[in-house]
Amino acid sequence: MPALQIKSIPRPKALFEAIADSLRRRILNHELPPGTAIDETSVARELGVSRTPVREAIKVLARDGLVTVAHRRINHCTVTEFSAFELADLLRITEHLEAFHHDWESNPFVQDLLQRVTDKIYLALGPGFLTADLDARQALMEWEAHPDQARQSSRKALTDYFVWRRLEVAKRVMKTPS
């Protein structure tokens, strides 16, 4: 008798996950810029839901580092702000994770961790950087897709991408003298 093959069916999102995704998108697009207070009652009213799923969504975003909860009180939270030093650390971590992911593409955990760290960089630098970074990443992937390129060359392209990324971040973080 052949083995029964069960096709997985997509699991519907829980309400708090949908709310977290919506808030995440708004945060990364800077509709809610760093430092903005998030009032769970206002969000619940705006979305037409109770405060409970909003509270759970905020916990998810706090775990991901996109919001900061004051004194373990969900009703006092803000969109996370990163200092230039924290941003530099995030970039270093991202470089290591992307290099690791480049060498071990089959590892499913690295991609999730990499996305969480990258989201923090996008939060700190805004949607303009997000768009430019995604374009640069796409160009890098297209370049690597050519079969005649050796693995070492693609490592060089990845290094060039990191240099570009650091320069773009430096331009956005540095303050112009008055």
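Colleague: What should the 18 residues of helix 5 span at 1.5 Å a residue, and how far apart are its end C-alpha atoms?

Modeller: This is a predicted model. At 1.5 Å a residue, the 18 residues of helix 5 should span 26 Å, and the end C-alpha atoms are 26 Å apart, which agrees.

Colleague: Which residues of helix 5 are buried?

Modeller: The buried residues of helix 5 are V110, L114, V117, T118, D119, K120, I121, Y122, L123 and L125.

Colleague: How do helix 1 and helix 5 pack?

Modeller: Helix 1, residues 15-28, packs with helix 5, residues 108-125, at an angle of about 50 degrees. Their axes are 8 Å apart. An angle of 65 to 115 degrees would count as roughly perpendicular and one under 35 as roughly parallel, and the two helices are therefore oblique to each other.

Colleague: Which residues meet there?

Modeller: On the side of helix 1 they are R24, I27 and L28, and in helix 5 they meet D119, Y122 and L123. The residues of this contact divide into four nonpolar, no polar and two charged.

Colleague: Stepping back, how many helices and strands are there in the protein?

Modeller: The protein has seven helices and three strands. From the N terminus on, the elements run α-β-α-α-β-β-α-α-α-α.

Colleague: In what order do the strands form the sheet?

Modeller: The three strands form an open sheet in the order 1-3-2, with antiparallel pairing.

Colleague: Which strands stand at the edges?

Modeller: Strand 1 (37-38) and strand 2 (67-69) do. Each has a single partner strand, so one side of each is left without a neighbour in the sheet.

Colleague: How many bridges join strand 1 to strand 3?

Modeller: Two bridges join them, and the strands run antiparallel, strand 3 being residues 77-79. A37 stands opposite T78 in strand 3.

Colleague: Which helix lies across the strands?

Modeller: Helix 3, residues 51-63, lies across strand 1, strand 2 and strand 3. Helix 3 runs at about 110 degrees to strand 2.

Colleague: Where is T80 found?

Modeller: T80 is found in the loop between strand 3 and helix 4. At 8% relative accessibility, T80 counts as buried, because the cut-off is under 20%.

Colleague: What does T80 touch?

Modeller: Not counting residues up to four places away in sequence, T80 touches P34, G65, L66, V67, T68 and L123. The C-alpha atoms of T80 and T68 are separated by 5.4 Å, although these residues are 12 residues apart along the chain.

Colleague: Now helix 4: how many residues does it have, and how far does it reach?

Modeller: Helix 4 has 20 residues and reaches 29 Å from its first C-alpha to its last, close to the 28 Å expected at 1.5 Å a residue. Its buried residues are L87, L90, L91, T94, E95, L97, E98, A99, H101 and H102.

Colleague: Is L87 buried or exposed?

Modeller: L87 is buried, with a relative accessible area of 4%. L87 and L125 are 38 residues apart in sequence, and their C-alpha atoms are 9.1 Å apart in space.

Colleague: Finally, what share of the residues in the protein is buried?

Modeller: Buried residues make up 33% of the 178 residues. As for contacts with a separation of 6 or more, residues 24 or more positions apart account for 64% of them.

Definitions and conventions. Residues are numbered from 1 along each chain as its sequence is written. This is a predicted model: local features need pLDDT of at least 70, side-chain atom pairs count only at pLDDT 80 or more; totals for chains, interfaces and linings use all residues. Side-chain values use heavy atoms; hydrogens and water are left out. Axes are lines fitted to C-alpha atoms, for helices over the stretch in contact, and angles run from 0 to 180 degrees between N-to-C directions. Helices (H or I, at least four residues) and strands (E, at least two) are DSSP runs, numbered from the N terminus. Angles under 35 degrees count as roughly parallel, over 145 as roughly antiparallel, 65 to 115 as roughly perpendicular and the rest as oblique. Contact means heavy atoms within 4.5 Å. Ala, Val, Leu, Ile, Met, Phe, Trp, Tyr, Cys and Pro count as nonpolar, Asp, Glu, Lys and Arg as charged, and the others, Gly among them, as polar. Two strands pair if DSSP finds at least two bridges between them. The expected span of a helix is 1.5 Å times one less than its number of residues. Buried means under 20% relative accessible area, exposed over 50%, partly exposed in between (1.4 Å probe, protein chains only).
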